[in-house]
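Visitor: Could you walk me through one of the pockets here, and then the sheet beside the helices that interest me?
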Amino acid sequence: MSRSGASFQLHQSTRTPSSGRRAGTSLGLTISLTRSSALRRLCRTGSKWRETSFGSPAVALCFHMVLMHTLMTLLSSSRCRMGRSGRQLTRAAGWGAYLLKRNIIAMSFAPRDTHEAQVQFALERGVLAIIGVMGTQRLPYPSRAFDMAQCSRCLIPWGGHDGLYLAEVDRVLRPGGYWILSGPPINWKTHHHGWQRTEENLKQEQDKIEDVARSLCWNKVAEKEDLSIWQKPKNHLECANIKKKFKIPHICKSDNPDAAWYKKMESCLTPLREVSNQGSIAGGDVEKWPERAFTVPPRVKRGTIPGIDGKKFEEDKKLWEKRLAYYKRTTPIAEGRYRNVMDMNANLGGFAASLIKYPVWVMNVVPVNSDKDTLGAIYERGFIGTYQDWCEAFSTYPRTYDLLHADNLFSIYQDRCDITDILLEMDRMLRPEGTAIIRDTVDVLTKVQAISKRMRWESRILDHEDGPFNPEKVLVAVKTYWTADPSEHS
């Protein structure tokens, strides 16, 4: 493959980011999607918990895996104690699995690991996960995507390199979003002996982090025991005065903060859209869940996606109501057979929205070659996804998805790369007896079907849901379970 899970690189030491090498310790990151009205017990002031409300589902970006008893959650590939109750979880993506019963979907991401395939374990358990690391490239997400970012013992030098890494977290955080840090150097007075570091060294590290956070116009919400919480401002009305004191990081000059594919991180503050008053949320507020999933996203309301407006959005919703009804007649999509689903050309996330009442999660992929960047609107709807060039490998392990959906994907790529390579990548990602639904023109589907037959897929081409006279058709294929003949290995 041209790129094995290298969408972004994780920096795990204090070396300069230009080194591009990964240290030996395996780190991870989690993204969680909550469908409750509030993420409870986030902050504690004094002796009482304070609820922090999000425009649910809150999507949180979380670094590494370790104890977080004040969030009563855990993501760990090793044995860690959770909370004061002493409960233990020992499997990878334990946090995500633990949150499922609270109607929260957690997506973990971690580097490819030779001894503990954390992402693979998570996906096999039905928990969202992706291979990925953080180092010199931007995270493959649009700006203002996440409501919360959390780092737990991730060993990333947040105060170094002119605030490069915190500036990237700031880019992907929604206005008013939270950044949570636990582990070194937080609570260094208590733990410096265990960490085998001097008090002076740890204090300097925390002071640097505090300075970078202030330079990004963040407000420190709380620090209690092993946890510190900062909040990104809802807008930048008061940030101008702060930036007079803190010259670094400077204001970004880039005209597209959503550009994130093979894009270098910048040590600069991503400017927020202008607002008329201090209480306004830059870029627009989002509705509560589940209304959020079916309300016109702020990016669409503002007309920032060419060719898509509120009317087009409503038409897309009706289109997917019809399409899902058709899929239910032709596939076991509503029978609980699928859990891990990927929409390889997600457009506005309509497929994910149509599946909202089913026990599945959808990885919404927006091809970087698409003429419309809709991933920001997908996040504003409360769904999750990533950018991807389908001429390259997707950052996941083999046999990790139950259902792949490709809407006119091959028409986009047939002149860019060999569609055989894309189908082989789909075969790699798809579980045995998993399903692929491919929509395209008859000519394209005929080529796809011929190739899929050589991959031992069983397929059939169906008419469009509107009838046989529509030039677009639907190919439904099942990856068969087979093993090579022993004689082939001799």
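Visitor: What volume does the second largest pocket have?
Guide: Bearing in mind that this is a predicted model, the second largest pocket comes out at a volume of about 390 Å³.

Visitor: Which residues lie nearest its centre?
Guide: Of the 20 residues that line the second largest pocket, those nearest its centre are Asp316, Asn345, Asn347, Leu348 and Asp407.

Visitor: And how does the lining divide into nonpolar, polar and charged?
Guide: The lining of the second largest pocket has eight charged residues, seven nonpolar ones and five polar ones.

Visitor: Which element gives the most to that lining?
Guide: That is α9, with six residues; α9 (310-330) and β18 (361-367) each supply at least two residues of the lining.

Visitor: Switching to the sheet, in what order do the strands come?
Guide: The sheet is open and has seven strands, which run in the order β19-β18-β17-β20-β21-β23-β22 with mixed pairing. On average, neighbouring strands are turned by 20° against each other, direction ignored.

Visitor: In what sense do β17 and β20 pair?
Guide: β17 (residues 340-343) and β20 (residues 401-407) pair in the parallel sense over three bridges, and methionine 342 has leucine 404 in β20 as its bridge partner.

Visitor: Where does α9 lie relative to the strands?
Guide: α9 lies across β20, β21 (430-441), β22 and β23 (472-479), and runs at about 130° to β20. Helix α14 (residues 442-454) packs on the sheet as well, touching β21, β22 and β23, with its direction making about 160° with that of β21.

Methods. Residues numbered from 1 in each chain as written. Predicted model: local features only at pLDDT ≥ 70, side-chain atom pairs only at ≥ 80, totals over all residues. Heavy atoms only, no water. 1 Å grid on protein atoms, 1.4 Å probe; cavity = no way out; pocket = protein on both sides within 12 Å on 5 of 7 lines; lining within 4 Å. Points joined across faces, edges and corners; volume = space filled by probe spheres on them. Helix = DSSP H or I, 4+ residues; strand = E, 2+ residues; numbered from the N terminus. Nonpolar A, V, L, I, M, F, W, Y, C, P; charged D, E, K, R; others polar. Pairing = 2+ DSSP bridges. Axes fitted to C-alpha atoms, helices over the stretch in contact; angles between N-to-C directions. Contact = heavy atoms within 4.5 Å.
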